[in-house]
Amino acid sequence: IPENSMKAGTAYLKYLQKYWKHIPDSVERLKFILASYNAGPGHVEDARRLAEKYDKNPDVWDKNVAEFILLKSKPLYYKDPVVYYGYCRGSEPYNYVRKITKRYQHYARFIESGELPEQLAIR
């Protein structure tokens, strides 16, 4: 039933919002939430531990944790002792976060400008 799926998805997003509340920047936190929604928080935590190990900021997604979620598909990284959840097809959460944030930015520009894209304009 679609209604049950929507309720479950919403509940999970609320859970993830609480789970990542320690990420100080709200924009960064949203990226961690989206990645976790796609791949699970365990894989994202693994990528954070890898980022920290390699002197990257574990609280910043782009060019930090995002790079290590991608690397979790390579044995050198998913077999690292700081990784608890093993292999992850990291391109999926990486691309999911990029796609959703890009779409959000696209819509936000139209809201700010007060203009609707041609295909959404009411005729």
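**Exercise 1. Find which helix gives the most to the lining of the largest pocket, and describe that pocket.**

Solution. Start with the main contributor: α2 gives the most to this lining, with five residues. The model is predicted, so local features need pLDDT of at least 70 and side-chain atom pairs 80 or more, while totals for chains, interfaces and linings use all residues. Residues are numbered from 1 along each chain as its sequence is written, and side-chain values use heavy atoms, leaving out hydrogens and water.

Next, list the lining of the largest pocket: Ser26, Val27, Leu30, Lys31, Leu34, Ile100, Thr101, Tyr104 and Gln105. Lining residues have an atom within 4 Å of a pocket point.

Then sort the lining by class: five residues are nonpolar, three polar and one charged. Here Asp, Glu, Lys and Arg count as charged, Ala, Val, Leu, Ile, Met, Phe, Trp, Tyr, Cys and Pro as nonpolar, and the others as polar.

Finally, the volume of the largest pocket is about 160 Å³, taken as the space filled by probe spheres set on the points.

**Exercise 2. Work out how α3 packs against α4.**

Solution. First the geometry: the axes of α3 (residues 41-53) and α4 (residues 61-71) come within 8 Å and cross at roughly 115°. That makes α3 roughly perpendicular to α4 (65 to 115 degrees).

Now the residues: His43, Val44, Ala47, Arg48, Leu50 and Ala51 in α3 meet Trp61, Asn64, Val65, Phe68 and Ile69 in α4, with heavy atoms within 4.5 Å. By class, this contact has eight nonpolar, two polar and one charged residues.

Technical notes
Axes are lines fitted to C-alpha atoms, for helices over the stretch in contact, and angles run from 0 to 180 degrees between N-to-C directions. Helices (H or I, at least four residues) and strands (E, at least two) are DSSP runs, numbered from the N terminus. Angles under 35 degrees count as roughly parallel, over 145 as roughly antiparallel, 65 to 115 as roughly perpendicular and the rest as oblique. On a 1 Å grid over the protein atoms alone, a cavity is a set of points where a 1.4 Å probe fits but cannot get out, and a pocket is an open set with protein on both sides within 12 Å along at least five of seven lines; lining residues have an atom within 4 Å of a point.
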